[in-house]
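Colleague: Please show me the model and take me through a few points in it. I will ask about strand pairing, backbone angles and the contact between the chains.

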Number of protein chains: 2
Amino acid sequence: MKINLKEKLSLFSEHWSPKVIAEMNDYQFKLVKLQGDFVWHSHADTDEVFIVIEGAMKIELSDGTVELSEGEMFVVPKGVAHKPYAEEECKVMLVEPRGVVNTGDSKGKLTASNDVWI
Amino acid sequence: MKINLKEKLSLFSEHWSPKVIAEMNDYQFKLVKLQGDFVWHSHADTDEVFIVIEGAMKIELSDGTVELSEGEMFVVPKGVAHKPYAEEECKVMLVEPRGVVNTGDSKGKLTASNDVWI
């Protein structure tokens, strides 16, 4: 079945809680709504892709900040510490291997349930 | 560096010739412009993701046709024969492992150079 991104985004409202919408081999496509500050974290075993579907966000890195708007994407290399941030709600598609936890090596109250499909 | 999809799309005009814009682990994100009929083909070893950035396209499958518009995506399962088609020019992002050839098992005049970055 085809997947409509805006339709899937209309099905949830919580922030920082990625929802799986598709799988390709052992990779997953996830939608997430961001607002405010996330935690610094890294993923030791994998790169992670952010694609902005609507709104704007920032990704802080140790050597600077990447600002992303609708239609822009960024690959966070594996092992690189990053902190996502969005002043206003931003809708994002993530692409990463099945099993990746949102907070990587910094588990805490922002750690979301994994592998939740919508 | 961040990647702006529309900016990258402005850098080429030929049809059916995917350009790599990013890598995540051993996977590639590619942009392609489609118009007219492609060939029936399949990829024996991998699923393939189509995400429509602008315009509309169809993917014919043996058991029906998927119609995709801007903001919609579809995963063609590995080994499944498919024929992309676009009446008017359609701009698409593909996600698939590095090394996948556009025409899969049906090499011919529409087979594009692989691993061309923009």
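Colleague: Which residue is the bridge partner of A:Val49 in strand 7 of chain A?

Modeller: This is a predicted model. Strand 4 of chain A and strand 7 of chain A run antiparallel and are joined by four bridges. In strand 7 of chain A, A:Val49 has as its bridge partner A:Val75.

Colleague: How many bridges join strand 4 of chain A to strand 8 of chain A?

Modeller: Strand 8 of chain A covers residues 82-97 and runs antiparallel to strand 4 of chain A. One facing pair is A:Val52 and A:Val92, the latter in strand 8 of chain A. The number of bridges joining these strands is five.

Colleague: How many of the seven residues of strand 4 of chain A are buried?

Modeller: Strand 4 of chain A spans residues 48-54 and is mostly covered. A residue is called buried here if 20 or more other C-beta atoms lie within 10 Å of its own. Of the seven residues in strand 4 of chain A, the number buried is five.

Colleague: Is A:Trp16 buried or exposed?

Modeller: A:Trp16 sits in the loop between helix 1 (5-9) and strand 2 (19-24) of chain A. Its phi is positive, near 60°, and it is a residue other than glycine. Because A:Trp16 has 20 C-beta neighbours inside 10 Å, it counts as buried.

Colleague: What is the phi of B:Asn25?

Modeller: B:Asn25 belongs to the loop between strand 2 (19-24) and strand 3 (27-37) of chain B. It has 19 C-beta neighbours inside 10 Å, so it counts as partly exposed. Although B:Asn25 is not a glycine, its phi is positive, at about 55°.

Colleague: Which element gives the most to the side of chain B that touches chain A?

Modeller: In the contact between the chains, 20 residues of chain B meet 20 residues of chain A. Elements giving two or more residues to the chain B side include strand 1 (3-4), helix 1 (5-9) and strand 6 (64-69) of chain B. By class, that side has 12 nonpolar, four polar and four charged residues. The element that gives the most, with four residues, is strand 7 of chain B.

Conventions: Residues are numbered from 1 along each chain as its sequence is written. Chains are lettered from A and ligands numbered from 1 in the order in which they are written. This is a predicted model: local features need pLDDT of at least 70, side-chain atom pairs count only at pLDDT 80 or more; totals for chains, interfaces and linings use all residues. A residue is buried if 20 or more other C-beta atoms lie within 10 Å of its own, exposed if 12 or fewer, and partly exposed in between; C-beta atoms are placed from the backbone. Two residues are in contact if their C-beta atoms, placed from the backbone, lie within 7 Å. Ala, Val, Leu, Ile, Met, Phe, Trp, Tyr, Cys and Pro count as nonpolar, Asp, Glu, Lys and Arg as charged, and the others, Gly among them, as polar. Two strands pair if DSSP finds at least two bridges between them.
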